[in-house]
Protein chains: 2
Amino acid sequence: MYPNFSFTVQEQSSKSRARLGRLVTPHGIVETPAFIFCATKAAIKAVSPSDMKACGTQFILSNTYHLMIQPGAEVVEKLGGLHRFMSWDGPMLTDSGGFQIFSLGQGSVADEIKGRRNQNRTKTLLKITEEGATFKSYLDGRVHLLTPERAIEIQRSLGADLVVVLDECTPFHVDKNYTRQSMEMSHRWALRSLEEFKRGNNGKQAIYGIIQGGIYEDLRSESTAFVNEHPFFGHAIGGSLGADKAQMREVVGYTAAQLDRSRPIHLLGIGGINDIFSGVEQGIDTFDCVHPTRLARHGGALVRPDNLPPGKTGDHINLLNAIFRVDEQPIESDCPCMVCQKYSRGYLHHLLKAKELLACQLITIHNVMFMNRLLLAIRQAIKTDTLSAERKRWLMPAEDIISEDIKIFPVSGGLSG
Amino acid sequence: MYPNFSFTVQEQSSKSRARLGRLVTPHGIVETPAFIFCATKAAIKAVSPSDMKACGTQFILSNTYHLMIQPGAEVVEKLGGLHRFMSWDGPMLTDSGGFQIFSLGQGSVADEIKGRRNQNRTKTLLKITEEGATFKSYLDGRVHLLTPERAIEIQRSLGADLVVVLDECTPFHVDKNYTRQSMEMSHRWALRSLEEFKRGNNGKQAIYGIIQGGIYEDLRSESTAFVNEHPFFGHAIGGSLGADKAQMREVVGYTAAQLDRSRPIHLLGIGGINDIFSGVEQGIDTFDCVHPTRLARHGGALVRPDNLPPGKTGDHINLLNAIFRVDEQPIESDCPCMVCQKYSRGYLHHLLKAKELLACQLITIHNVMFMNRLLLAIRQAIKTDTLSAERKRWLMPAEDIISEDIKIFPVSGGLSG
């Protein structure tokens, strides 16, 4: 079913479910664990594909929801598909569009939309039926119906290597009964997505199933069994992961533990440093999150604890802060990125104060390099089975949740592939 | 006085005052005629220095007015001077700050300021006296006094290769008497600038004098005689150049004709394609203008007439136009820039519609390459004495003002250097 794709586990940690993998796609190989950067509207905000490549980026994604509204999947297809359209020749994923429809629909305006001027806070999700989701475009109010079949059709037009089934992204504040019914409909939608995928399969794409079930272990088990028994190429953990980080680790832990480990496992929308270390130890292969690139556009540059100014905590420095006004140092003195090689924090502070567009570009480049270095360090640490030690290099002691609390979840029996 | 600088004329056209020159600075050589791109606030808007270099850029400038207000010349100096600060290692010029003070002061808000949100339309120029110009910062209302000495001091802190005397930028709508008095004060300011320059001369900078005199040939002659007889490294034609293009050509023509031709001649703030051809034929060596980079941020991509869509005229295409929605072609099919190699007009149209920052970066890169290719073509045409033919390749027939009307101004006797 996937002649041009494969996923092989190269190395399995003896201490956790962490593993080194190799994900082969028609547009190249992804060494996992890997981070997927968000090119929401077919562009990484402020950074060109060649600069992304220069920072060691392996893998990006675009959002079907945004692209179906603007410019429209048929435009992207006419202009040669997403790879050609945006001039990215590496591995690429599109989501199903579901997440944005439902996060908008619930009134919790999706992050991607938050930045807009004339913010339209009216609910845009009109109805969810067995057929699909009906919603209004945030741009022009036009009504769209997204069915599982249509989600796959659109993703085929877009042409990313990896596509995702349409699911209902169940919110946190619903009861178990709703979560169960929603999950069951998502499973029926997944089968319809898979059928449509098979019908049009041209060998250039592979499809991921999504595990739903919210914060209920029995539902997650059911959903895990469902994806395991159908021929998805990979699995993505979706839906509500709980109210806090501890609950997220718990949910991801028991979910990942039950997944078919011959397939790549993606954790949707998660990309904090701590979350990545925890996720990797739980067996996650790929992550995506807008955090590194969005943070940059607000002046936040990711740094390891060593590179924080005295007394500061967290995962980044805010370059708008006046303490950087005449700071001659680069963001991180040990970072090989073009920005740290050439520019001082003082200059970046000036660009931000002067509202120069170049600020977004340069800080994003650093953050992309930071994430790629983080994942590279993680892959190297898996090879040497030193992940716990590596974690301490990237996190403040307070944030460095002891690896032991990961191990309360059973490590499945090594390579299952 | 300028041990590390030189200007030599390599080739003189037999048909006009057009010439090939070589301007040597401590940060490299500029082959002239050349275009100077505006890095107003120590950054080319949306484009990194390495991308500027990749487009063949030789020469950039920054504006003293903006930098003295933010971040302050002392900050730039502490952070290693402009070259180090912004990571540009090529030749660089700063202006005196006068132009912005006076253009703001006259109530005709300077172009650079036009883009600002909370536009402050109150006059910020408080008074002009023999001592200097007193103005309010557009940022915080703080009062600054810019004297000729201070303008040079600030430019020394900034550290560009080429600096400029402080002058009063006389507006168009004043009478001849005001223009004369203003010019005479500018001459006194120029001598004070020159004295301060000599006092602190460290061999790393060279100073340009400015020719004033408005649209009055006798005043321009006086001003030309003034700069010729003082030891400026180069000359810049400033002040009002008239009400229209025809008058500008006239003023530039008789002014350039009388200048000491052993020195490089700059035409301040002019950069239209037609104006550049005319200026080169009148003996101008360097030009600067925000047009190519600003146009890009509004979706305008410079193209030669051959690359205009059928029925269109002008020097650019507006990529926001719906006709480009599914256009697979690059901006210019014969352009070697990274953008034309990789992206379609359709993609750039999408980026603009989606308000993606990458749009500014990519279209600016094309426009920078366009200008550098234009100036390269001009230099090659001077070598082969085919400037008139070259002009026709870059301008629509209607815009292609016949070279003859340039020749009504006497060509001075070849190389005077």
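This is a predicted model: local features need pLDDT of at least 70, side-chain atom pairs count only at pLDDT 80 or more; totals for chains, interfaces and linings use all residues.

I began with strand β8 (residues 133–136) of chain A, which has a covered face made of Ala133(A) and Phe135(A) and an uncovered one made of Thr134(A) and Lys136(A). In a regular strand the side chains alternate between the two faces of the sheet.

Residues are numbered from 1 along each chain as its sequence is written, and chains are lettered from A and ligands numbered from 1 in the order in which they are written.

Next I looked up what β8(A) pairs with, taking two strands as paired if DSSP finds at least two bridges between them. Strand β7 (residues 125–128) of chain A runs antiparallel to β8(A) and is joined to it by three bridges, and the two form a hairpin with four residues between them. Within this pair, Leu125(A) has Phe135(A) as its bridge partner.

Strand β9 (residues 143–146) of chain A also pairs with β8(A), in the antiparallel sense and over four bridges, and here Phe135(A) stands opposite His144(A). This hairpin has six residues between its strands, and Gly141(A) in the turn has a positive phi of about 75°.

**Chain A as a whole**

I counted 16 helices and 16 strands in chain A. Its radius of gyration, taken over C-alpha atoms, is 21 Å, close to the 22 Å of the globule rule for 417 residues, so chain A is as compact as a globular protein of that length; the rule is 2.2 Å times the number of residues to the power 0.38. Of these 417 residues, 55% count as buried, meaning that 20 or more other C-beta atoms, placed from the backbone, lie within 10 Å of their own.

**The two copies**

Finally I asked how chain B relates to chain A: a rotation of 180° with 0.0 Å of shift along its axis superposes chain B on chain A, with an RMSD of 0.0 Å. That is the relation of a two-fold axis. The superposition is by least squares on the C-alpha atoms of residues with pLDDT of at least 70 in both copies. In chain B, the C-alpha nearest the axis belongs to Leu357(B), 3.8 Å from it.

Definitions and conventions: A residue is buried if 20 or more other C-beta atoms lie within 10 Å of its own, exposed if 12 or fewer, and partly exposed in between; C-beta atoms are placed from the backbone.
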